[in-house]
Amino acid sequence: MRGTVTPFAGYVRRSCAASIRNPRKPLGIRLASSSSLADRKSTAFSAFFFDNQRWLPAPSNPSSSKRVNAQSSRGHSVDAVYSPAAETSVRSFRQAEVLTPRRLAKIYSQLAKSNLTVLIMLTAMSGVALSPLTTTVPVLLSTALGTALCSASANAFNQIQEVPYDAQMARTRNRPLVRRAISPLHATGFAVVTGLAGPALLWTCVNPTTALLGAANIALYAGAYTYLKRKSILNTWVGSVVGGIPPLMGWTACGGSLLPSSTQSFDLVLPSFMSTLSSIPADAATLADNPLAPLALFLLLYSWQFPHFNGLSHLVRESYAQAGYRMLGVLDPHKNATVALRHALLLVPATSILMPLSGLTTWAFALTSLVPHAICIDAAFKFWKHGGEKQARKVFQHSLWYLPVLLGLMMFHKRGMDWGSWFGFSSESVVELGAEAASTEEGERSQSA
């Protein structure tokens, strides 16, 4: 039995020794290629990520410090040195904050994007202020609150869908859902409640047309706009439509119509030097039936969105590219500047001509509004010509003051506005005082004669 086992064992020993002395070349080539590939992967990986040891507290032992620094210099390494400090750092956590009413209100404000919601509510109030029809305080407050609720719902639904993408951008990674200050279910409940309460309030306290416009704005922003942000550059145009709807909500809240009725025709208000061709509306109802008025309000907010947003998107284009958003500032910066300039020019006929022509303002508005137009067009032209971040920042900064200034000028030059009554006298009293002064002067002249 011993003799039969020995030759077989000797054969196995000789085969193993031969394979060790003479390794096969193909195996060596495969091992070499695998090693080089691993090196390349390690280099590529370390180009984007830092070693986790970089964030640990400085060790008290100098020898361990040298060892950690040596590993950090090679890039990302999985051969981390064990230390109690590192284990404590890994196990440490921050206790979640208790949702007190004050903190919950702050989170709701962030979900609603309070700054954007306030701006949308003010643009809706501009439609109310410029309407020739009178309104009541309950309708005014209901329009403001209903518009704010619709905006809050749309913004909350938008953030719920974009949590993975907001986490990749520095400007949005501190939002409540990203930092897990509130659960997605809680945020969805907030969006649903505000999304139902806003249109319901507008339907019951204002009118169905305004409620339908508010519901359409939620669907466009939370649906079409949010979906298209990662699909097509058309998202900017859809977002501009969303921005143009709130002033229409204010216009319809007072009883104004978006389309002319079949029984009445609208008139054009021409300048005074064309008085022979001018046809001034007889009453406020006829002016409220003019479709050029809501069209001018819509075009103001629609075209304003492009210089405002295109300038901003150029400044944060790296963040948009990192999150995968298809924005003109990322895909075609020159076209992004061209679109901003195009709509800055379009604002001139859309406001300085169309608004006086519709009867919303006097023709003096056409002259005073040229100053803010010229400033914004100059900034947009320089952005189109040079395309730098300095010029993009100028366009964005000018857009911030341009809108409130233009809305203020529209209110100042509103047709039929009697500013003399604000100071205690009306236009009729001014005429009477002038006639009395003229008669007194004529009497003095006759006595001296």
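## Cysteines

Cys 205 is partly exposed, with a relative accessible area of 36%, whereas Cys 376 is buried at 15%. Here, buried means under 20% relative accessible area, exposed means over 50%, and partly exposed lies in between (1.4 Å probe, protein chains only). No disulfide is found in a search of the whole structure; a disulfide would be a pair of cysteine sulfur atoms within 2.5 Å.

## Basis of the model

This is a predicted model, in which local features need pLDDT of at least 70 and side-chain atom pairs count only at pLDDT 80 or more, while totals for chains, interfaces and linings use all residues. Residues are numbered from 1 along each chain as its sequence is written, and side-chain values use heavy atoms, with hydrogens and water left out.

## Overall composition

The secondary structure of the chain comprises 20 helices and zero strands. Helices (H or I, at least four residues) and strands (E, at least two) are DSSP runs, numbered from the N terminus. Of the 449 residues in the chain, 38% are buried.

Contact means heavy atoms within 4.5 Å. Among contacts between residues at least 6 apart in sequence, 75% join residues at least 24 apart.

## Nonpolar cores

A nonpolar core is a set of buried Ala, Val, Leu, Ile, Met, Phe, Trp, Tyr and Cys residues joined through side-chain atoms within 4.5 Å. The largest such core has 21 residues, and those with the most contacts inside it are Leu 297, Leu 300, Met 355, Leu 360 and Met 410. At least two of its residues come from each of α13 (292–315), α16 (333–358) and α19 (389–412). The largest share, seven residues, is supplied by α13.

Beyond its neighbours within four places in sequence, Leu 297 is in contact with Gly 127, Leu 130, Pro 247, Trp 251, Met 355, Leu 360 and Met 410. A second, separate core of 16 residues includes Val 139, Ile 218, Ile 245 and Phe 306.

## Packing of α13 and α19

The axes of α13 and α19 are 7 Å apart, and the two helices pack at an angle of about 155°. This makes α13 roughly antiparallel to α19. Axes are lines fitted to C-alpha atoms, for helices over the stretch in contact, with angles running from 0 to 180 degrees between N-to-C directions. Angles under 35 degrees count as roughly parallel, over 145 as roughly antiparallel, 65 to 115 as roughly perpendicular and the rest as oblique.

The crossing of α13 and α19 is left-handed. A crossing is left-handed if the near helix is turned anticlockwise from the far one by less than a right angle, and right-handed if clockwise. Among the residues that meet are Leu 297, Leu 300 and Trp 304 in α13, and Phe 396, Leu 403 and Met 410 in α19.

Thr 123 is found in helix α6 (residues 114–130) and is buried, with a relative accessible area of 3%. Leaving aside neighbours within four places in sequence, Thr 123 is in contact with Pro 246, Pro 247, Leu 301 and Leu 403.

The axes of α6 and helix α11 (residues 235–253) come within 7 Å and cross at roughly 40°, and the two helices are therefore oblique to each other. Their crossing is right-handed. Residues making this contact include Thr 123 and Gly 127 of α6 and Pro 247 and Trp 251 of α11.

## His 334

His 334 belongs to helix α16 and is partly exposed, with a relative accessible area of 48%. His 334 and Gly 387 are 53 residues apart in sequence and 6.8 Å apart in space, C-alpha to C-alpha.
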